[in-house]
Amino acid sequence: MSVPDEVPAGGEDASAQAEGESPIGGAVLAGIERITAIDAVRTRIGVAVSLGLLKPGERLPDQQEVAAGLSVSTITARRAMTSLADEGIVVRRRGRHGGTFVADEPPVEALRALAVGSTDFEAVHQLVDRRVLFECSVTHFAALAATEGQLAELDQLAAKMAASATWAEYHQADEHFHRLVGTAAGMNGATEQYHRTLAELYAYFIPYPIHELHAANADHVELVAALRDRDVVRSVEISRRHVDVLHRTMFMGLLEAT
């Protein structure tokens, strides 16, 4: 669980206003709406490294994939990765097996500087609740109105997520999947509100182990089957469960478990 990066007036720094603030593993994404888009990317990757979601020695996707996976421009991703390399959080290697890798021993102080302490979860939990409400609504109407073409495309997106090798690939297909469910509902202005809520929540997305994302994809497969059967009750329950689990997993669960 991407929308192409749209940089508001004022350049890349202003694009950070599309990002939000979220508690992650004893830290928050440090006022992302008030920092540059470059620093927002640095923080999201740095927090994933701090939490061990990105492991020492792990190869990161290329810059274009990172950009698409975090919904930023390629130049923003490139500058962020260059900065992380300068700080020793990631390392770049040349040659046939080269690329960008998480450093074997990322500097603790550099990682700590990317986040600030917080115990305030209220805003993020409210955002998840808002998405649950929208998700149940759009799924209800999608079960009634989705076309065969839309259902076939949802099948293809679920298959793409199952085959994704990186979090960046998965996230792009995930966002496309949920936006298409909203479109299939045919709710006009309400669909736009749902899409906006999706974008707000996806702004908190950090790299996550691909095997855990693959496990979450089982809900997508189950949902498409329920939509195809026109089973409104089952479709809504799958969607509710799929989103409500965010209260206990991902960055919020990681922090509350510490």
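Predicted model: local features only at pLDDT ≥ 70, side-chain atom pairs only at ≥ 80, totals over all residues.
Residues are numbered from 1 along each chain as its sequence is written, and side-chain values use heavy atoms, leaving out hydrogens and water. Local features need pLDDT of at least 70 and side-chain atom pairs count only at pLDDT 80 or more, whereas totals for chains, interfaces and linings use all residues.

The largest nonpolar core holds 62 residues. Such a core is a set of buried Ala, Val, Leu, Ile, Met, Phe, Trp, Tyr and Cys residues joined through side-chain atoms within 4.5 Å. Buried means under 20% relative accessible area, exposed over 50%, and partly exposed in between (1.4 Å probe, protein chains only). Ile 45, Leu 54, Ile 89, Leu 154, Trp 167 and Phe 177 have the most contacts inside this core. Helix 8 (residues 167–185) gives the largest share, 9 residues. Helices are DSSP runs of H or I with at least four residues, numbered from the N terminus. Beyond its neighbours within four places in sequence, Ile 45 is in contact (heavy atoms within 4.5 Å) with Leu 54, Val 66, Leu 70, Met 81 and Leu 84. In soluble globular proteins, nonpolar side chains tend to be buried together.

The second largest cavity has a volume of about 30 Å³. A cavity is a set of points, on a 1 Å grid over the protein atoms alone, where a 1.4 Å probe fits but cannot get out; lining residues have an atom within 4 Å of a point. The volume is the space filled by probe spheres set on the points, which are joined across faces, edges and corners. The lining consists of Glu 135, His 178, Asp 219, Leu 223, Ile 238, Ser 239 and His 242. Helix 10 and helix 11 each give two or more residues to this lining. Helix 11 gives the largest share, 3 residues.

Asp 219, one of the lining residues, lies in helix 10 (residues 210–228). Asp 219 is buried because its relative accessible area is 17%. Its side chain makes a polar contact of 3.0 Å with that of Arg 241. A polar contact is a pair of N or O atoms within 3.5 Å; within protein, one must be able to donate a hydrogen and the other to accept it, and residues adjacent in sequence count only if both atoms are side-chain atoms.

His 247 sits in the loop between helix 11 (232–244) and helix 12 (250–256). His 247 counts as buried, at 13% relative accessibility. His 247 and Val 128 are 119 residues apart in sequence, yet 7.1 Å apart in space, C-alpha to C-alpha.

Note on methods:
1 Å grid on protein atoms, 1.4 Å probe; cavity = no way out; pocket = protein on both sides within 12 Å on 5 of 7 lines; lining within 4 Å.
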